[in-house]
Every structure is written in structure tokens, then in C-alpha cells.
Amino acid sequence: TETFIDYGGPLSFTLVPTTSEVLWTYGNKIFYVDLIQKGDNAITDLTPKVEDRDFAVGDNAPYDKDYIAQRSAFPSAKYVRYFGSRLWMADGNRIMWSAASPYHRVLPLLSEEPVGDGSSDVTGLYDLGEHLVVFKSDSIWIMVLETINEFGLAQFRPVQKVGDVGCISNASIKKIGNELVFLSEKGLMAFNGQTIRQVTLDRNDNDKLINFFSTLVPGRRSNSVAAHWKKYGVYLLALAVDGSDVNNRVLVWDYNANAFWIWDNIEAQAWIEVDSSDEEEILYFTDLGGRLYELGNGNTDHGAAISAYVTTEPFFLNIIGLKTMHRLSIVASNESTDIDVEVLHDDASSGTVQAIGTIDISDYNEIVYDTAVYDTDSYIENRRRQGHIDIRTLAEHVKVKVSHDVKNENFELNKIELAFTASESRK
């Protein structure tokens, strides 16, 4: 399922693999493209095809209209998703479902349930395990099979799993492992089918991104769109911040390392995840002007160097009032020239540099590509180089910031070591 955007906000897309149909919602109506039988009439309101009627709803068919009351056309819907051989649709506070494929164009009137008390609308649909998950802005529900009635119709009921927290952007929902990750009123959350957790909390249960989330444009949060870049193990969420009318930041979560960083100057209004014929994963994004970009192709930003930095969590000894002397000892990286290093006092004002230096990790004895002698020298394309620096500073807490802006070189940081020496107790 992919999510694109129009002037009214993100659209809801889904694929029916058994019939090669792509369905989406626009203006609260459902449309489709038949990927096999393309043509001038491929995009239309989704109603049962003439050739479907006899085997599906005709005399003595499984869904004979004489016995099963059903809709004559598909209903209005803001969200649509194909799961468990059925089409699921949501509009307002209602959740609706079709008959099982190949009868997924049949919509019995009894196949509908309200979700909650009607105080809030459905804000997203996604599947997890054996259940469809229904998100509202203030709660999370799963659809549970209750019974098969005398006409062979499956009856589902919504069961609430989480209260007080929900999803505010259907396009932010992505499945990562056994969890659904999504944007909520309280930040970035993950739902495992039973409970939720806030993924941006540090070891002391403080939100590491509270300042960033405070800059989100309230009226644009529902237009946030996410991608799961499996090749690099990251969740990407494009958002609008600082009063912008378009998504102008990308929050990146490396879920294996549980690290976050923020990309600017990427106005991703939609993501397109593609698996190519040679099984290579390709990620595209579009801007508001409809231009299409491939992400991660090349080592420059339109010819300019890509500036990047990483800031660590605070380093400290867990003794109240104890100041320590810090010495940055080793940085290991694939960089072959210089790395800029800053040390920030955690109790100083934001962005205040307390110490700064440059690590030269060039190795003059290293064999380089254009001078290596065949069958004599050993040339290593990728290696981890180490460097030392004497940055000394006195503080209770420090953070280390490592920066890079060398054109045509990818930057990988493998290790930071910091030496502590207890200095004095503060009265």
C-alpha cells in the first residue's frame, strides 16, 4: 500500500493482488485501476462488473440478492484497505467490509459496525497479524471475527485496545517487525496489537524529540507521510514544521540502533517504495510540484557537498554534583581526511560549544587506488580509520557532536570513546 497526496491531503491506496486492482479514495469516493484490463474506462467509481453479477449475486449465487440485502454501489469512504481477502472501508465513525474474495465487490448491508461512541472519526486502517487495526485520533481498535451467520456472512466487531492515544495521519502508519509505527498527538508511537510504546523516549523516559515535535504545524500533521526503507533499517516521516505549508523535514528513525536524525531541504509530500526486477529496493519521493526524486542515488546534494552531523546522548557519571574532566579519545570512521568534533555541555544553553577540534584521520602509509601496484600492494576500498584528539572540558554532562561535509564521500561513524576523570564535587 502506498500513499500519495492531493490538495486535500494524503490519499488512501490499496492493492487487490488476486485481481490486480489498485483502489484509492478521493473526495470520499472509491476509484480503481485494473492493471490487466487497462483502457479509457479503467478509472471509475467501483461498482460490480456486469460479468461478476451472475456468479456473485445472481439466482442461487453465494450472494443472491433475494436473500442477502446489499449495496448497489460502493459507499463513501475516506480510507480503504485490502486485508484477509476482504476490502475494508472507513467513513466517519463507521467501518465496513466486503464479502471475501473473489466476491470482494459485494457489500452486504449487515457488514458494517460503528467504532466507539461516535465522539471521534476513524483516522487510519492497517493490518497487523490476524487483525485489521482501526485507528481513531484518541484510541486504537482491532476487528475481531464474532460469528458466521445463517447466510454465511462474517460478522466482525471492533474491540478497543488502547485509549487516550491514537493516530493523526493514516499515511504515517508503517509495519516494522511486529509493531505498527505511527504519528500520534503525543509523538511517535508503536503498537504491538495489545499495548503502545513511545519510541522517542530515552533511558530516563524523557522524550528526546520533544523540542522537534513542538515545531510541527498543527494543521498539517494529518498530511505527514512515512516510508519504511528496509535496506537501511530506517523509518522516514516527512512533516511540516516552523509554519511551513508543505512537508519540509524528514524525521529518520534507525530502529536497530534506536537513533534519530533530521533531514532538511527534502520536501517529500509522498513516498513511493519500489522493488525492482532485480530485487533492489528503490525509494522515491515527490514534491508539491509533482516532481519525482530518487532518494539515496549519488553522493552529492545537486552537486554540493552533503553536510551531516551526529550528536550523542549525554555522557556522565551518575553522581549528583560530581564534575568530571572529559577527553575524547578515539573516533573510528570511513572518512579519509578530517572530522570536525564539538563538545557541548549538557547544562549549557542549547548550541553552546564548550570545546572544538579537528581529528585528522588520514593515513599517509595507506595504499591509495591510483598508486597501488598489482600483485604487490593491498588496497582496501572500505576501512575504519582511527584518530585521537585532546579536547579537555570540565562539566557534569557533555554531548559529543561529530560533523562531516566532504563532497562525494559517504560518512560512516563506527565508534566514539570518551575518557572520564573525576575532578571535584560542587558544594
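Author: The largest nonpolar core has 19 residues, where such a core is a set of buried Ala, Val, Leu, Ile, Met, Phe, Trp, Tyr and Cys residues joined through side-chain atoms within 4.5 Å. Those with the most contacts inside this core are Leu188, Phe212, Phe213, Tyr235, Leu237 and Leu251. Two or more residues each come from β16, β17 (187-191), α2 (210-213), β20 (234-239) and β21 (249-254), and β20 gives the most, with three residues. Helices (H or I, at least four residues) and strands (E, at least two) are DSSP runs, numbered from the N terminus.

This is a predicted model, in which local features need pLDDT of at least 70 and side-chain atom pairs count only at pLDDT 80 or more, while totals for chains, interfaces and linings use all residues. Residues are numbered from 1 along each chain as its sequence is written, and side-chain values use heavy atoms, with hydrogens and water left out.

Leu237 is in contact (heavy atoms within 4.5 Å) with Ser172, Leu183, Leu188, Ser224, Val225, Ala226, Arg249, Val250 and Leu251, once its neighbours within four places in sequence are left aside.

Val181 lies in strand β16 (residues 179-184), and this residue is buried, with a relative accessible area of 1%, where buried means under 20%, exposed over 50% and partly exposed in between (1.4 Å probe, protein chains only). Not counting residues up to four places away in sequence, Val181 touches a set of residues including Leu188, Tyr235 and Trp253. From Val181 to Cys167 the C-alpha to C-alpha distance is 9.6 Å, and the two are 14 residues apart in sequence.
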